[in-house]
Amino acid sequence: MTTASDRPPTAADTATVHLPHQATPTHDNIGAPPEPPAPPAGRRGRKLLIAGVTVLALIAGAGVAANWAFQGEVPRGVSVLGADLGGLSRAAAAAALREHLAADQKLTAPVQVRIDGAGKTATVKPADVGLVVDVEATVDAAAKGRPELFGERTVTPVIAVDQDLLDAALRKAAGKFGTAMRKPAVVFDGVTPRAVHPEPGRDLEPARSAEALRAGWLGGGTVTVPLVEVHPVTTAAEVDQLLETVARPAVSGPVTVTSERGTLSIPPAAIAQSLVLTADKTGKIEPRIDDKKLRAAVAAPLGKLEAQARDASFTFAGGKPKIVAGTEGITLDLAAAAPQLLTAVKSTSDRTVEAALTKAEPKLTTADLEKLGVTEKVSTFTTKFTGGLSSSRSQNIVQAAKQVRGALVLPGKIFSLNKHTGERSYKQGYKDAPVILNGKLVPGVGGGVSQFTTTLFNATYYAGLEDVEHKPHSYYFDRYPAVIESTIFYPDLDFRFKNDSPHGVLLDTKWTSNSITVSVWSTKVWDKVTTEYSPRRNITSPQTITLPDGPNCIATGGLPGFTQDAFRLFHRDGKVVKREKFTWKYDAEPNYVCGGAESAD
């Protein structure tokens, strides 16, 4: 057996090894223990070689490990919400994270939110408030930092939320809470200014709410958002300053506005009505002149300087529509002059402002009307009445017809008879005539307008226009077509139709001593519109009721009640392309007899 001492020397054994220099004993190391003798050269060389190889191997291994850890843009060992993103590119990591999030149902579940100190809770849906994991920002965070060679690094996801949507959702769901801050203002009691000092309140602060939701969302359970003290931006001292430097000088006298058409004097009362010294939602006061309020306050003198624009309109000549051209108006531009007016009202000496005159174009021009296609009579309907034009009822029918004649309904717009005529009163020329009230005929202003309403309803019905609102009478009157008729009573019962055609709709009315006619001018959409009736059913007989004599008793002959259907048929190219069903149940009209104590048979 060959040992290390008797085998032939190898290159490793004979390699030169540089050892530390052996110091010569000096005064400083006299008495120090002697150093142990160096081991034989062969054995020591082999140990050094083994140590060197080990170090090189460790260095090489560390290099391989580091290279492995840094593979991809996201270092190895990095995870987000349990998703391993290590070693992936940013794009691949984003895709992997999105897939992982999509499978997590709690990320779409409603979140319970408690408003601290308000005793209120709300439930918000993540999708409604933009509450999501921001994948791109989270991957950016994951890509930063050192790799984990022998462990794992968990990255906290970046949460995004729309704080304005969150604030709106909390307020809607939770209702009233907190205490509103009192906003500062300077108000006028007539022409006397008065300061309203601010007071803080307690309210949600959108940024703080969003911060709390981001922090608590993924932890599960209820998220608490704080109520914070909110202070108006404008302080009490600043309100007092505005009172002295703006409000008091403003009403110290009139302001004069000059123009090419003359001057306008704005009195202190009008200044007080148009000078705005109230705070916005943050409690900040920005003084300004409200030109619309100013116009309303000086409407009479302003009217002498201005000329109103007049829209192009339709009239009727020779039984056909004719366009009357519109005209330009002249307007004093108070909106443009508002900054100068604000400067002037602050001054106690220079209180004159020059304002420009501008042209006011009509809203509807001749060209606009020409495009509407009001070219032909598409429907007409007539009903008969008795009593001649001298009766109050007939006069009410004619008065309504006068107000509606020439009404233009643009495409997509809704016509309301109540809005068009306003309340039908004595001031408008309406008179007392029988109306149905609580099932009985009694005198009432505007009686008879229901007949005009029925005539108008049928004209629009046969024009094929969309019915929006109508209500047939409680009792059937044979002067009207059954079912397709309408009563009206301001303001509770209205008649409305929508111009659902692409053309303008122009209403024309005519009357004789015993009839009222309404025509619709437009461009035909349907070849024709017709009506089919079902048989009458559920017929009931009238009762006889005796009423006391007097001006409120109107005798009737009584009419049977019944239920019936009416089908509106829309025809095009020789075919019925649409059917619309109307159904109404008429009560039996009692036979009212005047002449005694009220009774019923």
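User: Is Val 483 buried or exposed?
Analyst: Keep in mind that this is a predicted model. Val 483 sits in the loop between β27 and β28. Its relative accessible area comes out at 2%, and the cut-off for buried is under 20%. So Val 483 counts as buried.

User: What is the phi of Val 483?
Analyst: Most residues other than glycine have a negative phi. Val 483 is not a glycine, yet its phi is positive. The value is about 70 degrees.

User: Which residue does a cis peptide bond join to Tyr 490?
Analyst: Most peptide bonds are trans. Here, though, omega is about -5 degrees, and the bond is cis.

User: Where is Leu 81, and what is its relative accessible area?
Analyst: Leu 81 belongs to the loop between β1 (78-80) and β2 (83-84). Its phi is positive, near 50 degrees, although Leu 81 is a residue other than glycine.

User: How far apart are the end C-alpha atoms of helix α14?
Analyst: Helix α14 covers residues 392-404, which makes 13 residues. At 1.5 Å a residue it should span 18 Å. The model agrees with that, as the end C-alpha atoms are apart by 19 Å.

User: Which elements do the buried residues of α14 pack against?
Analyst: The buried residues of α14 include Ile 397, Val 398 and Val 404, along with Arg 393 and Asn 396. Their packing partners include two helices by label, α15 (417-421) and α16 (449-462). The strands they pack against are β24 (414-416), β25 (432-437), β29 (505-511) and β30 (515-522).

User: Which residue with a positive phi follows α14?
Analyst: Helix α14 runs over residues 392-404. The residue in question has a phi near 90 degrees. It is Gly 406.

User: Which residues does Thr 256 touch, leaving out those up to four places away in sequence?
Analyst: Thr 256 lies in strand β13 (residues 255-259). It is partly exposed, with a relative accessible area of 28%. With a contact cut-off of heavy atoms within 4.5 Å, Thr 256 touches Thr 263, Leu 264, Arg 351, Thr 352 and Val 353.

User: How many Å apart in space are Thr 256 and Leu 341?
Analyst: In sequence, Thr 256 and Leu 341 are 85 residues apart. In space, C-alpha to C-alpha, the distance between them is 9.3 Å.

Conventions
Residues numbered from 1 in each chain as written. Predicted model: local features only at pLDDT ≥ 70, side-chain atom pairs only at ≥ 80, totals over all residues. Heavy atoms only, no water. Helix = DSSP H or I, 4+ residues; strand = E, 2+ residues; numbered from the N terminus. Expected span 1.5 Å × (residues − 1). Buried < 20%, exposed > 50% of the residue type's maximum accessible area, 1.4 Å probe, protein only.
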